[in-house]
Amino acid sequence: MKHLQTDTVLVPIAVLIAAMFCFQLGAVLAKGLFPAVGAAGTTALRMGLSSLILLAVWRPWRMRLKLDEMRVIVMYGLSMGCMNLFFYLSLRSIPLGIAVALEFAGPLALAMVASRRALDFVWILMAVLGLLTLLPLGFGSQPLDTMGVAYGLLAGLFWALYIHFGRKAGAAHGGQTTALGMVIGAIVVVPIGAAEAGAHLLSTAILPVALGVALLSSAVPYSLEMLAMPRLPTRTVGVLMSLDPALGALSGLCFLGERLSWIQWAAIASIMVASAGSAASSQDAVPQLLPD
């Protein structure tokens with residue numbers, strides 16, 4: 001019986017980690033599209049194609065929504081679109097691992113907003129120290145672009161809003177809510193991307209890579225997340241999600257040649273420990289949904 005319970009937990013853990021790997025690989029592919037269509041154009045391709053895929057899978061037009069539910073889903077979709085746009089804007093000028101770590105500031109702040117115990121303030125201190133080290137204040141051996149850091153933090157803000165509205169919007173409708181939110185986000189982002197990239201967005205030469213970005217960054221990880229998260233305790237999900245900055249840094253190193261200083265690695269580790277500690281010790285941890 002104990003062996004069976006262990007297997008039951010290990011499978012969704014493996015599925016969630018696979019979803020996180022997919023997201024990082026999708027970010028690597030997305031960065032390769034920047035020279036062709038820019039960050040906003042890449043966001044438009046990702047959300048536009050992802051919305052078509054999710055519409056076909058989940059068919060959200062079957063939903064029967066009240067006005068209040070629709071308002072929440074609109075805010076959820078707007079948060080999703082802005083989160084993706086600012087994350088890709090940050091990737092233009094800072095390494096992937098650092099962009100993911102900065103983005104973590106949003107959900108980490110959301111998880112700690114109600115902190116009262118002394119141990120919680122230890123996690124807050126570690127997160128603040130890590131973030132201060134990554135800010136362009138002269139602490140790191142490799143100075144970071146100021147706008148890239150600002151965009152990363154804005155992505156974190158919208159990730160927190162995405163979690164807040166996603167918890168309300170997804171309670172009753174699950175994947176259909178995600179599909180509808182993706183459509184709303186695409187409606188906001190696609191015109192911005194079209195203004196930046198113009199007719200290049202319709203190039204058939206970049207379509208295979210764009211489709212790969214949409215699948216790896218949204219459609220596949222969302223589907224895997226929905227399989228895994230209902231079968232895992234919230235604390236476990238929070239601890240596992242704290243691996244994201246390290247996965248981002250390793251993906252950047254292996255696939256993009258992005259080398260970080262030891263101080264930047266230490267800052268990322270500090271944010272990861274703060275996130276994992278907050279999730280593990282919290283009595284009601286906020287689930288850190290995947291950042292897109």
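Mentor: What follows is a set of questions about labels, each answered from a value and a cut-off.
Mentor: This is a predicted model, in which local features need pLDDT of at least 70, side-chain atom pairs count only at pLDDT 80 or more, and totals for chains, interfaces and linings use all residues. Residues are numbered from 1 along each chain as its sequence is written, and side-chain values use heavy atoms, with hydrogens and water left out.

Trainee: How many helices and strands does the protein have?
Mentor: The protein has 11 helices and 0 strands. Helices (H or I, at least four residues) and strands (E, at least two) are DSSP runs, numbered from the N terminus.

Trainee: What makes the pair of Phe34 and Tyr88 edge-to-face or stacked?
Mentor: The ring centres of Phe34 and Tyr88 are 6.0 Å apart and the planes stand at 65 degrees, so the pair is edge-to-face. Phe34 lies in helix α1 (residues 2-58) and Tyr88 in helix α2, so this pair ties together parts that are 54 residues apart in sequence.

Trainee: Why is the pair of Phe87 and Tyr88 called tilted?
Mentor: The planes of Phe87 and Tyr88 are at 40 degrees, with ring centres 6.1 Å apart, so the pair is tilted. Phe87 is buried, with a relative accessible area of 1%. Ring pairs link Phe23, Phe34, Phe87 and Tyr88 into a cluster.

Trainee: Which residues form the nonpolar patch on the surface?
Mentor: Met75, Leu78, Val188 and Ile192 form this patch, with about 270 Å² of accessible area together. Patches are made of residues with over 30% relative accessible area and no salt bridge, where like charges are joined within 9 Å and nonpolar side chains (Val, Leu, Ile, Met, Phe, Trp, Tyr) within 5 Å. A salt bridge is a side-chain nitrogen of Lys or Arg within 4 Å of a carboxyl oxygen of Asp or Glu. Accessible areas come from the Shrake-Rupley method with a 1.4 Å probe, and for residues only the protein chains shown count as cover. Helices α2 (67-91) and α7 (175-197) each supply at least two residues of the patch.

Trainee: What makes Leu78 partly exposed?
Mentor: Leu78 has a relative accessible area of 31%, so Leu78 is partly exposed. Leu78 sits in helix α2.

Trainee: How many disulfides are there?
Mentor: The count comes to 0 disulfides, a disulfide being a pair of cysteine sulfur atoms within 2.5 Å. Cys22 counts as buried at 14% relative accessibility, while Cys254 counts as exposed at 60%.

Methods
Buried means under 20% relative accessible area, exposed over 50%, partly exposed in between (1.4 Å probe, protein chains only). Rings of Phe, Tyr and Trp (its six-membered ring) pair if their centres lie within 6.5 Å; planes under 30 degrees apart count as stacked, over 60 as edge-to-face and the rest as tilted.
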